[in-house]
Amino acid sequence: MTDARILVASNRAPVSFFEEDGSLVPRRGAGGLVTALAPAVQGTGGLWVAAAMTDGDRRIAVDHPEGRVEATVDDSTYRLRMLAFDPTTYDRFYNEVSNRLLWFLHHYLWDLPRFPGLGIESRTAWECYRDVNSAFARALAGDVGQPGTEVLVQDYHLSLVPAELRALAPRARIAHFSHVPFAGADYLRLLPREIREELLRGLLGADLLGFQTERWAENFLSCCRLLEETVVMYRRRAVRWQGRLVRIGVYPISIDAASLRTAAGSPEVRRARRSLERWRGDRRLLLRVDRADLSKNILRGFQAYEDFLRRNPSWRERVVFLALLQPSRRAVSEYRTYSEECLAEADRINGDFGRPGWTPIEVRLHDHHDEVLAAYALYDALLVNPVFDGMNLVAKEGPLLNRRHGALILSRTAGAAAELGRASIPVDPVDVAGTADAIAAGLDMAGPERATRAAALRRAAGARTPAQWAGRQLRDLERITAG
């Protein structure tokens, strides 16, 4: 992939530590980010810098010099540096700024007549966000001195790290990747000027800034015009800033198709699949798999299904809607309220349409990966209707594992639409009636068209590997800094 030594910085580590029988046991984290970046770190003698999340992580951070540790999980060895923070500081960094401010900002979730109202406590929270980013930058700077070292900073939690690191290590080669959307200039302008400018200046400390789609890259370029003394070059996809040229790249993240297929063949998943088949019976299955997150548009998905049942009474008792929801960000009040609203909406619809032996919507609010993989194989239509998403890997995972030529109903505002849009049934996220029509189209679709679309979705979903996603960024970073 590269001859350079790779440092990765992310809020969450690839491995977390848990106490078992008095000992600390490492467990590998899930997700494509670990699959994509861990081999580069391991193969180049690099280091992964992350926040200490569990009690075990915090013990590592305190008991080991500078929080450095090697952990072996499933025959892979990870070199880590765990950073421990004061609980109040971390809560403000993570819950108040990263999740309540920046996540809502980049996903256009603000209820602008009412929220947010950034008072003096928001300034304090922003100072904590800055402090945590500064700590990451200092940790990276201590390891970046070796020639040929490249730093890959991950996501909106660490938006200030590139500039902070640039100040400490001017010759560092730095890339930052945003896994989420990036707000447009008019929306970003709603932030206090000091915050929005610090956010942009922080990112512009990098040599390369990566985004999931052209749309989010263009949004960032338009936002850079809010800074004085920037020269935005749309055709070159670059920004000239403080005598440096910052390149903007588009790198759609991929799924690990081989690992998913292996996991889907496990005995646990087979058992879960048999259980779901018994529950479904001879009915069609409409599926959604999401975190219980405001950006996922779960309420409108339920309302669209209700509209579908109302306008298509012949489908009643012939279809079931399974919503596998994973609890998310329970420390943030808006998320707790939203989860409760989703459950209440499903109960209301079930009360209005349910009959003995048929519950229209089955909501399962827990984290159960085996059940998700099993459900992917069985759906007839998969509803992925986020308000906005950086990518949305469910839209790729489902078609890859599905065995029934299932249709994909996909928001045009999900990043995945750029790759999967032609083979999906596109919807606009606030169009409840249009989404109801799409559900009908997905369930009624004729066999030949269903098979053709499903084959195209599988090809697109498995076209690239996570390693290729990471490799493209590393190659571009090397070319940029060499030139």
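Trainee: Which residues in α3 meet which residues in α4?

Mentor: Keep in mind that we're looking at a predicted model. On the α3 side, the residues are T89, R92, F93, E96, V97, S98, L101 and L102. Their partners in α4 are T124, A125, W126, C128, Y129, V132 and N133.

Trainee: How are α3 and α4 turned relative to each other?

Mentor: Take α3 as residues 87-106 and α4 as residues 120-141; their axes come within 8 Å and cross at roughly 110°. Angles of 65 to 115 degrees count as roughly perpendicular. So α3 and α4 are roughly perpendicular to each other.

Trainee: And how many residues of the contact of α3 with α4 are nonpolar?

Mentor: Sort the residues of that contact by class. There are 2 charged and 4 polar ones, and the nonpolar ones number 9.

Trainee: Where is P116, and what is the peptide bond from F115 to P116 like?

Mentor: P116 sits in the loop between α3 and α4. Most peptide bonds are trans. From F115 to P116, though, omega is near 0°, and the bond is cis.

Trainee: Let's move on to α10 and α13. What is the angle class of that pair?

Mentor: Helix α10 covers residues 267-280 and helix α13 covers residues 369-378. Their axes come within 8 Å and cross at roughly 55°. That makes α10 oblique to α13.

Trainee: How many charged residues are in the contact of α10 with α13?

Mentor: From α10 come E268, V269, A272, R273, L276, E277 and R280, while α13 brings D370, E371, L373, A374, A375, A377 and L378. By class, 8 of the contact residues are nonpolar and none is polar. The charged ones number 6.

Trainee: What about α9 and α14: is their crossing left-handed or right-handed?

Mentor: First the layout: α9 (residues 257-264) packs against α14 (residues 394-401) with axes 11 Å apart, at an angle of about 55°. That makes α9 oblique to α14. As for the hand, the crossing of these two is right-handed.

Trainee: Which residues of α14 make the contact with α9?

Mentor: On its side, α9 uses A257, L260, R261 and A264. Across from them, α14 puts in E397, L400 and L401.

Trainee: Is C223 buried or exposed?

Mentor: Under 20% relative accessible area counts as buried. C223 has 0%, so C223 is buried.

Trainee: What covers the buried residues of α8?

Mentor: Helix α8 spans residues 214-224, and its buried residues are W216, A217, N219, F220, L221, C223 and C224. The cover includes the helices α6 (185-188) and α7 (193-203). It also includes the strands β9 (208-211), β10 (231-233), β11 (238-241) and β12 (244-250).

Trainee: Which residues does G301 touch, leaving out those up to four places away in sequence?

Mentor: G301 is in helix α11, residues 298-311. At 0% relative accessibility, G301 counts as buried. The residues G301 touches are R288, F321, L383 and N385.

Trainee: How far apart in space are F177 and G119, C-alpha to C-alpha?

Mentor: F177 is in strand β8 (residues 173-177) and is buried, with a relative accessible area of 0%. Among the residues F177 touches are V153, Y251 and W469. F177 and G119 are 58 residues apart in sequence, and in space the separation is 30 Å.

Trainee: One more: what is phi of Q242, and is Q242 buried or exposed?

Mentor: Most residues other than glycine have a negative phi. Q242, in the loop between β11 and β12, has a positive phi, near 55°. Over 50% relative accessible area counts as exposed. Q242 has 63%, so Q242 is exposed.

Key: Residues are numbered from 1 along each chain as its sequence is written. This is a predicted model: local features need pLDDT of at least 70, side-chain atom pairs count only at pLDDT 80 or more; totals for chains, interfaces and linings use all residues. Side-chain values use heavy atoms; hydrogens and water are left out. Axes are lines fitted to C-alpha atoms, for helices over the stretch in contact, and angles run from 0 to 180 degrees between N-to-C directions. Helices (H or I, at least four residues) and strands (E, at least two) are DSSP runs, numbered from the N terminus. Angles under 35 degrees count as roughly parallel, over 145 as roughly antiparallel, 65 to 115 as roughly perpendicular and the rest as oblique. Contact means heavy atoms within 4.5 Å. Ala, Val, Leu, Ile, Met, Phe, Trp, Tyr, Cys and Pro count as nonpolar, Asp, Glu, Lys and Arg as charged, and the others, Gly among them, as polar. Buried means under 20% relative accessible area, exposed over 50%, partly exposed in between (1.4 Å probe, protein chains only). A crossing is left-handed if the near helix is turned anticlockwise from the far one by less than a right angle, and right-handed if clockwise.
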